[in-house]
Amino acid sequence: MMSFISYLVNGISLGSIYALIALGYTMVYGIAKMLNFAHGDIIMVGGFTVFTAMSTEWCPVWLSVVIGIIVCTVLGVVVEKVAYKPLRNASPLAVLITAIGVSYLLQNVALIIFGSASQSFTSVVKNVAPVTIGGVTISMETIISIVVSVIIMICLTFFINKTKAGKAMLAVSEDKGAAQLMGINVNSTISLTFAIGSALAGVASVLLCSSYPQISPYTGSMPGIKAFVAAVFGGIGSIPGAMIGGILLGVIENLSKAYISSQLSDAIVFLVLIVVLIVKPTGIMGKKINEKV
Amino acid sequence: MSMLHIENLQVYYGAINAIKGISFEVEQGEIIALIGANGAGKTTILHTISGLVPAKSGSITFNGTELTKTPAHKIVSMGMAHVPEGRRIFQELTVYENLMLGAFTRKDKAEIENTLEEVFKRFPRLEERRTQIAGTLSGGEQQMLAMGRALMSHPSIILMDEPSMGLSPLYVSEIFDIIQSVNESGTTVLLVEQNAKKALSVANRAYVLETGKIVLSGDAHELMNNDSVKKAYLGE
């Protein structure tokens with residue numbers, strides 16, 4: 001029983017990291033109607049930035065984290081401006097291929113700078129002892145991941161539903177033309193969405209690399225794909241869906257690692273996705289697709 | 001100097017010349033109707049004025065400012081609102097949220113609150129349904145919401161695209177009454193309608209469009225008695 005609770009808590013922790021990444025996927029999809037497959041690699045860039053900053057003598061941990069998040073945010077906005085904005089009216093396929101291209105570009109730049117070998121990442125909370133609650137020992141990384149993710153999700157929900165910029169995002173995601181008629185600047189709203197999504201990826205990179213203390217140019221790709229699955233699982237475009245989908249996915253992955261097979265856990269994750277899509281094609285919280293009359 | 005002045009406007013969709021050199025003007029306080037069949041270019045003209053579709057050549061001047069070089073989202077704060085064809089309210093947001101998005105560019109909270117009261121006075125049904133999700137309103141109520149949302153920006157001119165489309169006859173009369181009363185309270189109206197009879201009955205002047213060109217223009221009452229208008233648009 002104790003070990004089950006421990007697997008579950010670790011699953012929730014991994015899942016909340018997936019949820020943070022999935023939020024970036026789902027928000028960008030909701031607003032720009034594109035799948036940003038370079039999103040996972042933003043995590044990798046964030047990881048390497050924090051890694052590099054922490055390995056310098058003078059840079060404290062907190063500042064390294066802040067620098068990592070800022071670099072991710074700026075990178076996300078720049079990628080959107082340079083690669084996606086010129087394709088605003090192009091076919092979705094062209095945008096998708098461009099996103100894959102950006103993903104390879106980021107990976108290969110990282111390969112040139114850091115090489116292909118994994119390097120060990122020092123956890124940002126390495127000197128904090130794990131906590132034992134009722135016989136279950138939980139690492140500080142696990143606790144931090146859950147707490148940080150929950151705080152971010154609450155703030156994000158508040159931001160989207162209660163602020164003017166958040167309302168503008170909802171309006172743009174529903175109807176760009178009508179949003180413009182309200183006086184909403186669609187381009188800056190899309191930029192803001194990429195900025196928020198990439199900042200979340202920056203936070204996720206710190207949590208992920210601290211929990212699984214390694215970093216390589218491919219660090220972002222598997223979590224990126226898992227988070228994409230989580231976003232689809234929850235209903236792509238839906239913010240609560242990404243949160244629920246991410247956490248469920250992390251729990252399923254960790255429990256199948258523990259009780260079924262650690263080699264099969266990824267396969268099981270994708271199997272669950274297939275089953276969900278067969279039963280409910282729009283995902284858990286997905287909207288019904290209305291036929292236009 | 002007229003409030004809105006369109007001079008030799010040309011609009012293309014790719015290689016298709018949708019608007020072939022149109023000129024017209026709207027004076028302050030008027031109701032101007034653009035009438036014509038499907039595909040004549042009425043909606044394209046409104047979209048070009050409010051910046052959703054780029055103009056190929058020609059000019060659109062609004063209170064002295066050239067609109068063809070102004071980005072769409074900057075036009076609302078200049079005093080122009082647009083009630084688009086098919087209403088295009090934000091289906092997943094509440095009535096109240098839709099109305100507040102109409103006031104997106106305004107800063108003064110007290111003034112916004114005043115306008116909201118005016119809109120609720122004009123459309124009591126919107127007040128009753130202020131927390132309802134907009135997509136669940138009836139067609140007529142959605143049209144009222146689209147109008148209310150446009151009025152929330154406190155416009156000096158309002159462009160209305162097919163406000164009577166798809167509505168029951170009862171709602172059609174109500175909507176045209178509202179257009180008249182909005183105009184009486186000082187807002188200029190540029191109205192695009194397929195329901196030519198209703199449009200001409202409320203308008204001061206009208207322009208008749210055929211495949212991207214103005215073929216006829218003049219006083220609305222005179223046009224109503226014009227033989228070719230009668231035959232082509234009034235079904236007499």
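Predicted model: local features only at pLDDT ≥ 70, side-chain atom pairs only at ≥ 80, totals over all residues.
**Notebook: a look around chain B**

Strand β1 (residues 4-13) of chain B pairs with strand β2 (residues 16-26) of chain B in the antiparallel sense, and I found eight bridges between them. I then checked who faces whom: V11(B) stands opposite I19(B) in β2(B). The hairpin of β1(B) and β2(B) has two residues between the strands, and in it G14(B) takes a positive phi near 65 degrees.

Next I went to helix α3 (residues 95-102) of chain B. Is α3(B) mostly covered or mostly open? Mostly covered: I see six of its eight residues buried.

Then I stepped back to chain B as a whole. I have 10 helices and 10 strands in its secondary structure. Of its 236 residues, 45% count as buried. Its C-alpha trace spans about 45 × 40 × 35 Å along the principal axes.

I also looked at the radius of gyration, which is 17 Å for chain B; this agrees with a compact globule, because one of 236 residues would have a value near 18 Å.

Last, I checked the contacts in chain B between residues at least 6 apart in sequence: 65% of them join residues at least 24 apart.

Conventions. Residues numbered from 1 in each chain as written. Chains lettered and ligands numbered in written order. Pairing = 2+ DSSP bridges. Helix = DSSP H or I, 4+ residues; strand = E, 2+ residues; numbered from the N terminus. Buried ≥ 20, exposed ≤ 12 C-beta atoms within 10 Å, placed from the backbone. Rg over C-alpha atoms; globule rule 2.2 N^0.38 Å. Contact = placed C-beta atoms within 7 Å.
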